[in-house]
Structures are given as structure tokens and as C-alpha cells.
Amino acid sequence: MSSNKYWIVDNGSAKAKSIRKQFEALIPKNWTIEDQNFEYLFVIGGDGTFLRNKALYSNKKIVAINGGNFGYYSYFNVRNIKQIFSKISNDSFFYHPLEIEITIDNQTYFCINEVLIRSDVVFKTDIYLNNQLLEFFKGSGILVATPLGSTAHAKNVGGAIINPNLAAIQFIEIEPITQKSYSSLKSPLILGIDTKIVLKAKDNCRAFILLDGIKINKVFDSELIIKASYAKFKMFKPDCNQHYIKKLRESFIRDK
């Protein structure tokens, strides 16, 4: 059998360290640990751990193991950890997830969950979809999220939950202003992944930009382009709707 190169990252918590110890005992002898030219990256922690390590992901196969809270990026946890190496041997269980691609001042950035453009004062911008004007927006900000990000910040601001098997993104207004002579869409808008969103700032707008919750060193004061693209890395995700529904139920729903 050929040797597979891998690397492991964890969030440093006692729970993650315990899971890591169990996982390391399962690694086949023909697998080789390598901190540079590895093929598989095992990420042990919650969704925050997954997002914080995305700089390592390019052209890798990412296997998330839940050692945190929600764990939407992970299929594996302490209960099914013994299945990992039999499952990941099936390459069809890996896929390229959707990302958000942001271009500002001729520089391009990527995020996995969402991009948030927000201001501490009234945020004013023209919004174009595929070069056609949708609206003139006034409010606190704009959020654009992937299906993976739909259970994160997007949900907290009234967005829809989108099954990650769907190829779509959503556009959400943050605290839109209503006036007698002005009204905007005021509803999450689900868009195809071929949609180009262009924001053109109005009235000396200077808004900050957060990618997956991290502020970048750019200010939105002219034009910002947002598109969907497929990531250069692959994630492990069996096509299992029952698993996804179970995670939704465990995370958000209380019957009693």
C-alpha cells in the first residue's frame, strides 16, 4: 500500500486533546506525518477551529473531527471516530465546497462562511446583481453567506438555513432603514452561484469588512465585488441528509 501524508491541528482544549489521542492510536502504520507536503489535514475542534486554520487548506483534503460545540463542518466525533480511515478511503466522499470571493481595490479575498460589510453609521450603497440595479440600500450593512455559513451569523440576522448540498448563496440586509419615501427588499435573497454582486458606495460611505468574522485591512468606500467560487481544497462530507437534519435538531430545536 502507498503511504499517505497527513497533518493534524487541534484547538488546544482538553476535549480536543483527548480526541486527538484516540485518533492518533487509529492511524495506519503506512501513513506518514508531514507538516508541509501533506495530502490530508485532520482538524480537531469546533467550527471556529475549522475557520481559523483555512490558510492551510489549499489543495488539501480536509477531515474535520468535532471536538468543540456545533461542528457543522465535521462528520466525525468521539462516537464514530473509529470509522475515519475506512470512510475517507472513498474519494467520492470529498467535495469542493462553495466559498465567497471578494474583490476590492484589485485585491481578492476568500471566506468559507460569510462576508459582512458593516458600518457604525448609516450604510448607503447601490446594489447590483449581474450588472442590473437591485436597490439603493440604507441600513447597518450587508451579509452574503454560503450554505455552510447559513447556520452561523446569517441565521442570527434572519437568514435562511440552506442545505449544503445546494449550489446557492444568500444576500441579507442588516437592519435596513424604513422611511416614508424609501424601502428596500427586507428579505433574504437566495441567489445562484453564477450571480455577481456589486456594491457601489454612496455618500462618503466607509464600512469595515469581515470575512468569517475577521476584519480585513480594507475599507469599503468605492466598489466591492462579491461572487461564489468553488474552494481549491476538498472537504469530507458523505451525501447524508439524515446526518445534516440530526445536526440541525441537536443544535437549534427544543421540543420540551
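**Aromatic contacts, sheet and cysteines in a predicted model**

User: Which residues form the aromatic cluster?

Analyst: One aromatic cluster is formed by Tyr-6, Phe-23, Trp-31, Tyr-40, Phe-42, Tyr-75, Phe-76, Phe-85, Phe-93, Phe-94 and Phe-236. Rings of Phe, Tyr and Trp (its six-membered ring) pair if their centres lie within 6.5 Å; planes under 30 degrees apart count as stacked, over 60 as edge-to-face and the rest as tilted. This is a predicted model, in which local features need pLDDT of at least 70 and side-chain atom pairs pLDDT 80 or more, while totals for chains, interfaces and linings use all residues. Residues are numbered from 1 along each chain as its sequence is written, and side-chain values use heavy atoms, with hydrogens and water left out.

User: How many aromatic pairs are there?

Analyst: The structure holds 22 aromatic pairs. One of them joins Trp-31 and Tyr-40, a tilted pair at 4.9 Å centre to centre with 45° between the planes. Trp-31 and Tyr-40 are both buried (under 20% relative accessible area, with exposed over 50% and partly exposed in between; 1.4 Å probe, protein chains only). Tyr-57 and Phe-233 make an edge-to-face pair, 5.2 Å centre to centre and 65° between the planes.

User: Where do Tyr-57 and Phe-233 lie?

Analyst: Tyr-57 is in the loop between α2 (47–52) and β4, and Phe-233 in the loop between β15 (223–230) and β16 (234–236), so the pair ties together parts that are 176 residues apart in sequence. Helices (H or I, at least four residues) and strands (E, at least two) are DSSP runs, numbered from the N terminus.

User: On to the sheet. What is the strand order?

Analyst: The order is β2-β1-β3-β4-β16-β5, six strands in an open sheet with mixed pairing. β2 (31–33) and β5 (94–95) are the edge strands, each with a single partner, so one side of each has no neighbour in the sheet. Two strands pair if DSSP finds at least two bridges between them.

User: In which sense do β1 and β3 pair?

Analyst: β1 (residues 4–10) and β3 (residues 40–45) pair in the parallel sense, over five bridges. Ile-8 has Phe-42 in β3 as its bridge partner.

User: And how many disulfides?

Analyst: The structure holds zero disulfides, a disulfide being a pair of cysteine sulfur atoms within 2.5 Å. For Cys-111, the nearest cysteine sulfur is that of Cys-205, 18 Å away, which is too far for a bond.

User: Is Cys-111 buried or exposed?

Analyst: Cys-111 is buried, with a relative accessible area of 0%. Cys-205 also counts as buried, at 6% relative accessibility.
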